[in-house]
Amino acid sequence: MAKTLRKKRVPAALPEPIPRRVDPCVATLVDKPPKGPEWAFEVKWDGYRLAVHVEQGEVRAITRGGYDWTKKFGLIVAEARELGHASMIIDGEAVVLDNQGRSDFGLLQRAVGKKPSLHDAAEIIFFAFDLLYLDGQDLRMMPLAERRQLLEPIVSGRTGAIRFSEEVHADGAEFFQVACEMGLEGIIAKRRDKPYRSGRRPEWLKIKCVRRDIFVIVGYEPSTVPGAIGRLLLAAKKGEALVYVGGCGTGWTNKESSDLRRLLDAIPAAKPAVTLKRKGAVFAEPMFVADVEFRAWTEERKLRHPSFKGVAKRGQKTKVYEFV
C-alpha cells in the first residue's frame, strides 16, 4: 500500500521580545543633499527625538538619551494606545508648530516646561517617521521603504497628537532650497534600501539651513577666562533705533576673543544702546558690527544658534539687519 504523503508543516516564527530601549539612528551632517532614486527626503523637524513604546498594558515615551518622559507627553501616549496594535516601537520627533506650520524648539521647551507659558502640552505633535517593532516582529533589519509601508497605514491621515512624517517626492536640491526659503530648519535624506542601525549613520543625512547677516555689537558678557569674552551682545535696526536680538557665544578663537574684548573696552558706552538688563553685561558704543551665521529667528525675535564669523567697523558699506 502506498504511503500517504503528508505536507510538511512549517512552524510559525516565534515572536521576538520587544526591546526595552533602542538607541536611535542619528543622521550625519552634510553640506548638500545627495542625488539618486535610492534617497528619500523628509522635513527636518526641530524638537525632541522620541521612541514611543507600546507594550502590553504600558506605553512609554523614551528620549534619545534614554530618559522616560512619558508624563511630559501624555496626549501622545494616550493616542498611541488607540493605534490598534498590541506592541510597537515608533521612532519620531515631538514638536510644537508656529503659526506658519514650522517646528519651533523654543515653543516646545516652553510647552513641556514648568513655567507658565502661552504654549501648553496640548500643542505637542509627534511626527512618526519609522517603525522598529510591530506585534512580535523586530523590523530593524528590513529596508526603510518596507518599514514605512507598515507604518503608514497605522498613522497616516491622523490629525491629532500623532501624525505621519510624509516623504517629499522631489529633487533633493530643489526641496532643500524651498525648505530654507520657508524658514525650516533643514531636510533629512534617508536610504530607502537600508536597515535601521543605531548610532550616527551615513545612510541618514541631515542638511541644515543657515542664514548669515550683519548685527551691531552693543556690548559683551565677560568669560570665565580672564581677558576674554563669553557672549557678544547683538542688536538689529528697527527704524532709527536698535533692538537687542540676543547673544552670540561661539565662533571665535581665543585670540579673537581677547582682541574683541580689548576693542570693546576701548569704547565704553555712556548709556546702553539697547534696553537690556543683564547682570555683568558690559556695554560699548555701537561702533562695530559682527558678521553672524544663525539658524533661525525665535518667536521673541532672537537669534537661534548664532555663530560669530567676523567683525568690522560700522559704516555705510556694512548693511545692518533691519526689522521691517
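A charge is said to sit over a ring if NZ of Lys or CZ of Arg is within 6 Å of the ring centre and within 35 degrees of the ring normal. In this structure, Lys 190 lies in that way over the face of Trp 204, at 4.1 Å from the ring centre, and Arg 191 lies over the face of Trp 39, at 5.9 Å from the ring centre.

The model is predicted, and local features need pLDDT of at least 70, while side-chain atom pairs count only at pLDDT 80 or more and totals for chains, interfaces and linings use all residues. Residues are numbered from 1 along each chain as its sequence is written, and side-chain values use heavy atoms, with hydrogens and water left out.

A search of the whole structure finds 14 aromatic pairs, where rings of Phe, Tyr and Trp (its six-membered ring) pair if their centres lie within 6.5 Å, and planes under 30 degrees apart count as stacked, over 60 as edge-to-face and the rest as tilted. Two of the edge-to-face pairs are set out here.

| Pair | Distance of centres | Angle of planes |
|---|---|---|
| Tyr 48 and Phe 105 | 5.2 Å | 70° |
| Phe 294 and Trp 297 | 5.4 Å | 65° |

Tyr 48 belongs to strand β3 (residues 48-55) and Phe 105 to helix α2 (residues 105-112), so their pair ties together parts that are 57 residues apart in sequence; helices (H or I, at least four residues) and strands (E, at least two) are DSSP runs, numbered from the N terminus. Both Tyr 48 and Phe 105 are buried, a word that stands for under 20% relative accessible area, whereas exposed stands for over 50% and partly exposed for values in between (1.4 Å probe, protein chains only).

In helix α4 (residues 172-181), the residues Gly 172, Phe 175, Phe 176 and Ala 179 are buried. These residues cover an arc of only 100° around the axis, which puts them on the same side of α4; the arc is that of the directions from the helix axis to the C-beta atoms. On the other side of α4, Glu 174 and Glu 181 are exposed. The buried residues of α4 pack against β2 (39-43), β9 (186-191) and β10 (199-208). After α4 comes Gly 183, whose phi is positive, near 85°.

Notes
Contact means heavy atoms within 4.5 Å.
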